[in-house]
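Please keep the sequence and the 3D view at hand while reading.

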Amino acid sequence: MSASTHSPVLKHHFGDLNQQHASERLGMWMFLATEVLFFGGLFGAYACYRLWYAAEFEFASSFMNVKFASINTVFLVTSSLTMTLAIRCAKIGDKAGLYRNLLLTFALGSAFMVLKGFEYAEDFHEGILPGASSFGVTDLKHNIKTDAEHAGLDTGKVRLFLCFYYIMTGIHGVHIIIGLGCILWLVQQTYANQIPPENYSTVEVVSLYWHLVDAIWLFLMPMLYLAGAHIPHAH
Amino acid sequence: MTTAVTSVMPKIAPPPPEPAPAEPNYLNINYSLWSWLTTVDHKRIGILYLVSITVFFLAGGIAAGIVRLNLLAPDGAIVSEDAYNRAFTAHGVLMLFFFLIPAVPAVLGNFLIPMMIGAKDLAFPKLNLASWYVFLVGAMFGVWAILAGGIDTGWTLYPPYSSRSSTSNVVPGVFGVFISGFSSIMTGLNIMVTVHKMRAPGMTWGRLPLFVWSLYATSLIQLLGTPVIAITTVLLMVERVAGIGIFDPLIGGDPVLFQHLFWFYSHPAVYIMILPGMGVVSEVLTCFSRKNIFGYHAVAWSSMGIAVVGFMLWAHHMFVAGISFYSALLFSFLSMLVAVPSAIKVFNWTGTLYKGSITFQAPMLFALGFVVLFVIGGLTGLFLATLGTDIHLHDTYFVVAHFHFVMVGGMVLGYMAGLHFWWPKMTGRMYSDWWSRVAAAIIIVGFFLTFVPQFVMGYHGMPRRYPNYPQEFHVYNVMSTAGASILGLGYLLPVFYLTLSLFFGKKATGNPWSATGLEWQSPSPPPLFNFDEAHMPVVVCGPYEYALGIDQMGRGLPEGPGLGSANDPSDKHGESAAPGPMNKETHVVG
């Protein structure tokens with residue numbers, strides 16, 4: 001009807017771009033609510049056991065590698081900044097800046113995953129694993145199993161914490177990988193000229209998801225890594 | 001034959017634009033299979049869902065048939081105990097996750113929500129198509145689990161049995177539930193955004209049809225509840241595959257936590273199932289009593305009330321699972337509280353019927369059946385919400401009967417009412433009036449015979465899920481199985497006459513029931529983008545102005561229901577429904 005309907009990025013079933021963008025934003029916010037409930041189930045379960053088995057959870061948490069987690073936190077928070085700068089670039093039509101910021105975000109997210117991989121490898125090497133046959137199996141003389149037994153703690157509950165550690169970081173990692181895929185998709189869309197300034201909200205919608213994945217990490221980090229005082233262990 | 005249309009329609013008011021029969025619509029625009037599999041049209045996706053869930057309904061019905069037949073004899077008539085476990089699990093999983101949850105939202109909701117609010121499509125058409133494929137992938141896992149030998153845990157999948165002891169196909173079945181959950185989230189999200197952002201000019205929240213309100217409330221539950229079952233099923237699968245997990249009692253895990261998480265979704269899920277049925281009933285009852293809905297705002301807000309309160313009473317499934325006395329008290333109270341918005345609906349429906357000019361076409365019969373059966377199902381729910389009686393009735397056939405009164409008597413009848421009400425709109429054809437009424441009567445009679453005996457035997461202590469029972473329950477089980485056979489016959493009838501109507505049915509007019517909603521102001525079947533694109537709807541009044549005799553665009557209604565078939569103006573039921581304003585005290589909404 002009006003001239004605005006001729007915008008190449010306007011989809012046919014919407015009246016105008018405002019309506020389209022408002023729908024996309026609202027849709028993503030609702031999806032975030034879904035995600036919050038998804039992780040909420042995990043957090044709720046964690047909260048129960050954290051209260052019941054405080055000593056074991058604090059003990060097990062002290063075996064987590066805070067250095068890796070801290071560096072990873074810096075990576076993710078910085079990636080949120082570059083993601084937001086990407087929105088700004090899209091809005092003012094700075095295509096080079098959009099590429100730069102999207103790729104920076106991608107790089108920081110990937111760095112998180114790589115570091116996470118190293119951390120898993122280290123955990124594996126030190127026997128920080130929940131399985132009955134793998135728990136505490138390592139060349140190290142002092143390990144999570146012997147230390148727990150020395151401290152008079154229930155090793156089962158220590159392993160319960162490790163279940164949470166792997167499930168939570170694993171599911172979070174899957175979310176990061178999906179986010180990285182979305183960022184690559186944005187790069188492709190930019191290349192295909194599908195993100196003109198009037199359609200910057202596409203970047204914004206992806207950024208909402210990316211920020212949520214960051215925000216979840218900001219909860220995971222203290223829950224898993226900072227539950228107990230980090231007394232020096234033998235390793 | 002179309003001359004009859006023009007001779008009937010213009011008597012009352014300027015007719016809605018009726019296109020010539022050859023006008024392109026969403027069905028005849030392209031017949032190729034490929035065009036169906038790649039469609040992003042919400043109407044076609046609704047039809048795709050309709051076909052899929054019908055298959056699962058019949059499959060779940062076969063499983064129910066095995067269960068009922070086996071209970072004909074006190075020590076199992078046809079299958080082994082183990083096969084019996086697998087049969088009732090298959091019945092539960094198929095019916096709940098692959099039929100009831102998608103039934104109204106994904107079929108009727110998909111088809112009707114954009115039309116009812118005057119939009120060209122749902123907000124995210126590709127997401128909508130994706131939801132169907134995701135549903136199919138999830139369903140394939142479920143089917144794989146069943147064909148490969150089945151699951152023997154019951155649909156509730158409680159660990160530690162499901163995670164440690166069961167040797168059946170728990171993982172593929174649970175994975176199927178996990179995946180199909182995403183399709184439910186996608187549909188819910190799509191509907192919510194559409195209702196928020198895509199309403200036609202003049203379509204204020206207070207003018208939304210009650211079907212839209214009920215699906216909005218449903219979508220809220222789908223959005224906030226389904227992710228919790230998703231994470232719960234992930235945790236269960238991890239535990240079963242890895243041999244260790246957070247519900248494992250050996251390491252201090254608590255299986256009751258699984259029950260909490262499971263019911264945090266699965267109790268609100270019964271409102272995902274029943275709320276859309278309530279929306280259908282609100283539409284049908286007003287149309288076939290030719291009166292404005294009684295208490296529009298009360299009915300609309302009670303949907304939201306059910307959605308909100310429904311999230312806070314899950315633990316009433318666990319009164320005997322060892323939860324604390326004080327939390328049991330609270331959950332008992334909240335369970336009774338949810339009866340209030342449900343009762344508000346029933347009273348308002350009754351008020352709508354009062355002094356209405358009622359006609360008894362098939363949709364109305366199904367809707368009236370819904371009201372009666374839902375009242376029985378709802379009231380027996382209060383027995384189970386009461387702490388003392390629940391200890392007596394827990395895990396007996398009383399629970400089974402209560403649940404089926406609400407889910408089958410309520411929801412399936414609501415679905416049938418909706419399907420029959422909107423079938424002319426969806427297909428452009430009228431089905432057999434006589435056969436559809438017969439089917440409605442058979443279903444309701446068969447239903448009573450099936451489930452009333454279950455109340456009795458449950459009250460006398462027959463536990464659910466047992467293949468064997470003492471001789472004293474024999475007569476009730478035989479009655480129940482006999483009723484199930486009648487019920488099964490009743491369900492098969494629509495499969496035949498609805499299918500036949502596609503080929504031999506009379507052509508339907510745009511508004512065969514003389515209803516007021518926007519979806520009826522478009523031809524049957526609707527064009528590709530629902531409305532004439534040069535004249536997108538503008539809404540001027542509330543959704544049920546039957547007293548004034550105008551639709552939501554302020555135009556007069558055609559002759560009343562019963563003149564559904566364009567070729568049959570002599571239908572005697574049309575006369576009882578006088579068009580135009582009626583001298584009835586009705587509340588004008590909007």
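Which residues have the most contacts inside the largest nonpolar core?

## The nonpolar core

This is a predicted model. The largest nonpolar core has 241 residues. The residues with the most contacts inside this core are Ile117(B), Val212(B), Val281(B), Val284(B), Ala367(B) and Ala417(B). Helix α4 of chain B, which covers residues 81–117, gives the most to the core, contributing 23 residues.

The surroundings of Val284(B) illustrate the packing. When residues up to four places away in sequence are not counted, Val284(B) touches Pro363(B), Met364(B), Ala367(B), Ala417(B) and Phe421(B). Two of these partners, Ala367(B) and Ala417(B), are themselves among the residues with the most contacts inside the core. In soluble globular proteins, nonpolar side chains tend to be buried together.

## Overall form of chain B

The secondary structure of chain B consists of 17 helices and 0 strands. Its radius of gyration is 24 Å, close to the 25 Å that the globule rule gives for 590 residues, so chain B is as compact as a globular protein of that length. Along its principal axes, the C-alpha trace of chain B spans about 75 × 45 × 45 Å.

Of the 590 residues in chain B, 59% count as buried. Among the contacts in chain B between residues at least 6 apart in sequence, 83% join residues at least 24 apart.

## Contact between the chains

On the side of chain B, 31 residues are in contact with 29 residues of chain A. The elements of chain B that give two or more residues to this side are α7 (170–197), α8 (210–242) and α9 (255–289). The largest share, 10 residues, comes from α8(B). By residue class, the side of chain B that touches chain A divides into 23 nonpolar, 5 polar and 3 charged residues.

## Chain A: confidence and a helix

The mean pLDDT of chain A is 92, and 95% of its residues reach 70 or more. Over residues 1–5 of chain A, however, the pLDDT is below 50, and this stretch has 3 contacts in the model beyond near neighbours in sequence. Where pLDDT is low, the predicted coordinates should not be read in detail.

Helix α6 of chain A (residues 155–191) has 37 residues. From its first C-alpha to its last, α6(A) reaches 54 Å, close to the 54 Å expected at 1.5 Å a residue. Just after α6(A), Asn193(A) takes a positive phi of about 60°.

Notes: Residues are numbered from 1 along each chain as its sequence is written. Chains are lettered from A and ligands numbered from 1 in the order in which they are written. This is a predicted model: local features need pLDDT of at least 70, side-chain atom pairs count only at pLDDT 80 or more; totals for chains, interfaces and linings use all residues. Two residues are in contact if their C-beta atoms, placed from the backbone, lie within 7 Å. Helices (H or I, at least four residues) and strands (E, at least two) are DSSP runs, numbered from the N terminus. Ala, Val, Leu, Ile, Met, Phe, Trp, Tyr, Cys and Pro count as nonpolar, Asp, Glu, Lys and Arg as charged, and the others, Gly among them, as polar. pLDDT is the predictor's confidence in each residue, from 0 to 100. The radius of gyration is taken over C-alpha atoms; the globule rule is 2.2 Å times the number of residues to the power 0.38. A residue is buried if 20 or more other C-beta atoms lie within 10 Å of its own, exposed if 12 or fewer, and partly exposed in between; C-beta atoms are placed from the backbone. A nonpolar core is a set of buried Ala, Val, Leu, Ile, Met, Phe, Trp, Tyr and Cys residues joined through C-beta atoms within 7 Å. The expected span of a helix is 1.5 Å times one less than its number of residues.
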